[in-house]
Amino acid sequence: MTNKTISEQTTNKANKTNKTNNFLKLFIRGYRRIRELILDPLLYSAFGAVSQCKYDESCSHYAERMLSEHATIPALGKIVRRIWSCHS
């Protein structure tokens, strides 16, 4: 059994958290990109212009900005609130 110092344990925990945050950001950005390139054109061609975003900065661009400016979980909260307010 090895004795790890508190700083080593903290560093290991921080690395795991960063990997999780990076994965979540990558997943959210990937979903946004797929929706932008594939789903939106399909929905537009099938149904026409269903809705217009009521904000000057679209929800997709807002989500990208929040992910670059904030940590993953706070950014996700801001993104969900924005989408909820736009589509409710």
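**Salt bridges between the helices**

Author: The count comes to six salt bridges, a salt bridge being a side-chain nitrogen of Lys or Arg within 4 Å of a carboxyl oxygen of Asp or Glu. The model is a predicted one, in which local features need pLDDT of at least 70, side-chain atom pairs count only at pLDDT 80 or more, and totals for chains, interfaces and linings use all residues. Residues are numbered from 1 along each chain as its sequence is written, and side-chain values use heavy atoms, with hydrogens and water left out.

The protein chain has three helices and zero strands; helices (H or I, at least four residues) and strands (E, at least two) are DSSP runs, numbered from the N terminus. Side chains of opposite charge can pair when their charged atoms come close. Arg 29 and Glu 64 form such a bridge, at 2.7 Å from N to O. This pair links distant parts of the chain, as Arg 29 belongs to helix H1 and Glu 64 to helix H2, 35 residues apart. Glu 64 also meets Arg 32 in a salt bridge, here at 3.3 Å from N to O. Again distant parts of the chain are linked: Glu 64 is in helix H2 and Arg 32 in helix H1, 32 residues apart.

Arg 32 has a further partner in Glu 36, with 3.3 Å from N to O. Because Glu 36 and Arg 32 are four residues apart in helix H1, about one helical turn separates them. Arg 29, Arg 32, Arg 33, Glu 36 and Glu 64 are linked in a network of salt bridges.

As to exposure, buried means under 20% relative accessible area, exposed over 50%, and partly exposed in between (1.4 Å probe, protein chains only). Arg 32 is buried because its relative accessible area is 14%. Glu 64 is partly exposed at 24%, Glu 36 is partly exposed at 25%, and Arg 29 is partly exposed at 29%.

A nonpolar core is a set of buried Ala, Val, Leu, Ile, Met, Phe, Trp, Tyr and Cys residues joined through side-chain atoms within 4.5 Å. The largest one has seven residues: Ile 28, Tyr 62, Ala 63, Met 66, Leu 67, Ala 75 and Ile 79. Helix H2 (59-69) and helix H3 (72-87) each give two or more residues to this core, and the largest share, four residues, comes from H2.
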